[in-house]
Amino acid sequence: MIDCDIHNEVPHLEELYPYLPQHWVDYTEESSFEGPDANDYPEMVATTVHPDVRDDYFGDGRCNTAARVRLIQDRVLDPLGISVAVLNNAFRVPSIHAVDLAASMATAVNTWQQEQWLAADKRFRASIIVPSHNPVAAVQEIRRWQNTPGFVQVLLPVRSHVPYGVRNMDLLFEAIADSGLPAAINFGGAPGVPPTGVGWPQTYYEIHAGMAQVFQSQVMSMVYEGLFDRYPQLRIVLLEGGFTWAPSLMWRMNKEWKGLRHNVPWVKNWPADYIRTHFRWSLQPLDAPDDPDQMLEILDMMEADELLMFSTDFPHWQQKEIAPGVPDWMPEDLRRKVCFENPRAFYSLE
Amino acid sequence: MAISLTSPLQDRTGTEVVRTPIIDTDVHVYIQPDDLERHLSPFWRDHYLNFGKRTYDGMLFPRSMPMAARHDAWPPNGDIPGANLEFTQMQLLDEFDMDYAILTPLTGTGEVLNFDFGLAHAQAVNDYQIEDWCAHDSRMRASIIIPYEDGPLSAEEIHRLGNHPSMAQVLLVTRTREPLGSRCYWPIYEAACEYDLPIAVHFGGVGGSGITGAGSPTYYIEDHAGMAQSFQSQVTSIVSQGLFEIFDNLKFVLIEGGFAWMIPLMWRLDRTWEKLHKELPRVKKPPSEYIRENIWLSTQPIEEPLYPHQFNQMLDQLAMTDRLMFASDYPHWDFDNPLRAIPSTVADGERRRIMAENAAELYDLPI
């Protein structure tokens with residue numbers, strides 16, 4: 001069983017100090033800089049950590065890297081029998097406009113992942129954190145880690161200052177494609193632009209629920225703006241954005257292409273075909289209907305066989321269980337694909 | 001036109017066909033400069049001639065065809081599409097034997113940066129609809145245009161025309177400066193409810209910043225297809241700010257957004273609300289319940305699933321066939337023909353609701 005989405009957040013900025021150049025440690029101390037900001041998972045919000053492990057996660061003496069490694073081993077890997085766990089760290093270096101600091105922070109997080117996580121448990125795989133707001137700096141970070149065993153993808157926040165299909169971002173995606181690694185686009189981000197196309201919402205609820213629309217906008221941008229025509233080998237997994245919206249997006253994108261494809265002449269096939277070829281989705285959150293039969297209809301509509309990959313999304317609160325297993329409604333043949341075959345193929349695992 | 005209209009399925013059986021009433025809930029009228037000048041006061045005419053209609057800049061996604069119109073929608077006398085009453089009557093209402101048409105002027109009024117001129121512009125467009133269109137065709141109903149970024153000025157215009165028999169609704173656009181649940185728009189809702197007028201939100205607009213949640217994309221196809229995401233953001237805001245608990249009888253009509261996206265949106269809003277409801281004290285029940293009660297959707301651009309049976313599955317999942325209303329979007333290039341827009345697999349009862357009955361109830365139009 002392969003879990004594609006477990007979060008290994010940095011407990012305290014100080015944990016990164018051993019991996020930061022002394023200049024930036026001094027600068028950080030002198031300026032009281034507390035690290036990147038983001039609205040995506042505020043510590044106190046209920047969904048950020050499942051209520052049953054909140055004390056284990058933030059409690060006195062437990063908010064450190066070693067304790068979090070043990071927590072994931074004890075509450076997810078061992079009980080579910082996970083053989084490979086892909087770690088997705090949401091340290092939002094793109095929220096730091098000071099790009100040199102952002103780049104050093106990314107290097108520090110990646111080194112910390114290598115030494116504190118990959119070395120701690122051979123089941124772990126890590127994601128390369130990059131200053132994605134500056135493709136030049138991001139490319140350097142990708143090249144630094146792309147051949148390091150244990151790093152299996154490049155992580156990008158779904159919220160960005162321009163959509164990822166825009167050609168300003170080509171340096172970044174060229175490096176990802178050249179590395180042979182997939183990109184993972186995950187929930188959240190802090191680019192300093194509103195998280196909707198109609199301005200800033202007032203509640204966390206709106207930002208959280210509304211993240212699905214940002215995922216949709218990114219898929220649309222990457223397909224229509226020809227990212228996969230420029231980099232045909234590029235593969236993307238969408239983490240923690242829900243997937244039940246996929247059929248409606250595919251239909252709408254197909255329909256628009258019928259009428260407006262002279263806008264984007266490089267798009268030679270149905271947009272839905274591009275989506276099914278290049279994108280995968282993590283399982284949680286399910287955003288499920290009350291009626292499981294309707295969920296099966298959705299799977300049929302999106303032809304989901306190859307598209308879904310199992311995830312617990314630990315420690316985020318998605319289901320009743322701390323580490324939700326495979327949902328009851330999932331047919332047996334799909335179960336094996338989702339939990340094993342799809343992620344094994346996507347990450348080229350032995 | 002003497003043809004009888006019915007579902008394509010019935011057409012092929014050869015049996016006696018029953019005429020299906022049609023209400024088109026999205027018919028665009030445009031106002032040409034001379035008509036605008038005629039309806040402006042001398043002061044604002046002078047302002048218009050000296051300063052023009054200034055709006056947000058840097059928002060250009062050049063469209064694929066002039067005025068985004070059907071090539072055959074340009075009236076022979078040189079008027080622009082949607083600006084000639086007789087031509088719209090001939091090409092749309094008479095051609096398809098329509099019972100009613102809801103006029104939805106897209107005049108960019110809400111994007112005028114000078115709100116005072118925005119109000120004058122709205123008044124001119126509204127008088128133009130009443131005097132130049134509805135007065136000449138009893139099948140037509142108008143939409144109250146407002147300078148929606150200014151709540152109190154907008155309420156003023158709603159109070160001026162709220163009781164006028166030609167007015168069917170208040171019209172905004174999808175992309176506003178702030179999400180529509182924001183308090184700056186509440187005076188609009190309060191005034192509209194006083195006259196039992198629905199708030200229609202039509203495809204389009206710019207609010208002055210990026211048109212997605214990740215900045216601005218590049219092409220018109222993204223601007224156009226991406227409107228579905230902006231509609232979702234607005235529904236999320238409207239419901240989560242508790243508008244339907246604050247304003248009795250508040251109704252929203254979402255025009256030209258399609259509707260398939262509403263299904264996963266309702267699921268996500270409900271599942272997220274289960275965990276985060278403490279943040280939304282005004283929201284007393286699952287968001288999907290407010291949506292199914294208080295939000296109407298127009299059909300165009302109708303989503304086309306990969307396989308025909310999935311269209312009916314989609315309607316079942318949506319469970320809003322009492323809220324769907326046919327729209328043609330005349331005279332735009334992506335016009336939906338009322339004879340062909342609804343797939344033949346849709347049952348006759350549902351088809352009748354979608355083609356006319358739902359709109360007849362909402363807008364109080366006898367059919």
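Q: Which strand order does the open sheet of chain B have, and is its pairing parallel or antiparallel?
A: In this predicted model, the open sheet of chain B has 8 strands in the order β1-β2-β3-β4-β5-β6-β7-β8, with parallel pairing. In general, strands of a sheet pair through backbone hydrogen bonds, either parallel or antiparallel. Helices (H or I, at least four residues) and strands (E, at least two) are DSSP runs, numbered from the N terminus, and two strands pair if DSSP finds at least two bridges between them.

Q: Before we go on, what conventions should I keep in mind?
A: Residues are numbered from 1 along each chain as its sequence is written, while chains are lettered from A and ligands numbered from 1 in the order in which they are written. Because this is a predicted model, local features need pLDDT of at least 70 and side-chain atom pairs count only at pLDDT 80 or more, whereas totals for chains, interfaces and linings use all residues; side-chain values use heavy atoms, with hydrogens and water left out.

Q: Which strands stand at the edges of the chain B sheet?
A: Those are β1 (23-27) and β8 (324-325) of chain B; each has a single partner strand, so one side of each is left without a neighbour in the sheet.

Q: What does the open sheet of chain A look like?
A: The chain A sheet has 8 strands in the order β1-β2-β3-β4-β5-β6-β7-β8, again with parallel pairing. Its edge strands, β1 (2-6) and β8 (308-309) of chain A, each pair on one side only. Inside chain A, β2 (residues 84-87) and β3 (residues 124-129) pair in the parallel sense over 2 bridges, and A85(A) stands opposite F124(A). Helix α10 (residues 271-278) of chain A lies across β6 (236-239) and β7 (279-282) of chain A, at about 60° to β7(A).

Q: How do I check a helix span, say for α14 of chain B?
A: The expected span is 1.5 Å times one less than the number of residues. Helix α14 (residues 348-363) of chain B has 16 residues and should span 22 Å; its end C-alpha atoms are 22 Å apart, which agrees. There is also a kink of about 55° in α14(B), centred on I354(B); the bend at a residue is the angle between axes fitted to the seven residues ending there and the seven starting there. After α14(B) comes D364(B), with a positive phi near 60°.

Q: How many residues of α11 of chain B are buried?
A: Helix α11 (residues 262-276) of chain B is mostly covered, with 14 of its 15 residues buried. Buried means under 20% relative accessible area, exposed over 50%, and partly exposed in between (1.4 Å probe, protein chains only).

Q: Which residues touch the most other members of the largest nonpolar core?
A: In soluble globular proteins, nonpolar side chains tend to be buried together. A nonpolar core is a set of buried Ala, Val, Leu, Ile, Met, Phe, Trp, Tyr and Cys residues joined through side-chain atoms within 4.5 Å. Here the largest core has 249 residues, and F173(A), W281(A), Y189(B) and M262(B) touch the most other members. Helix α7 (residues 204-224) of chain A gives the largest share of this core, 13 residues.

Q: Where are the cis peptide bonds and positive phi values of chain A?
A: Most residues other than glycine have a negative phi, and most peptide bonds are trans. Cis bonds include Q284(A) to P285(A), with omega near 0°, and F314(A) to P315(A), with omega about 5°. P285(A) lies in the loop between β7 and α11 (292-301) of chain A. E303(A) has a positive phi, near 45°, and is partly exposed, at 32% relative accessible area.

Note on methods
Contact = heavy atoms within 4.5 Å. Axes fitted to C-alpha atoms, helices over the stretch in contact; angles between N-to-C directions.
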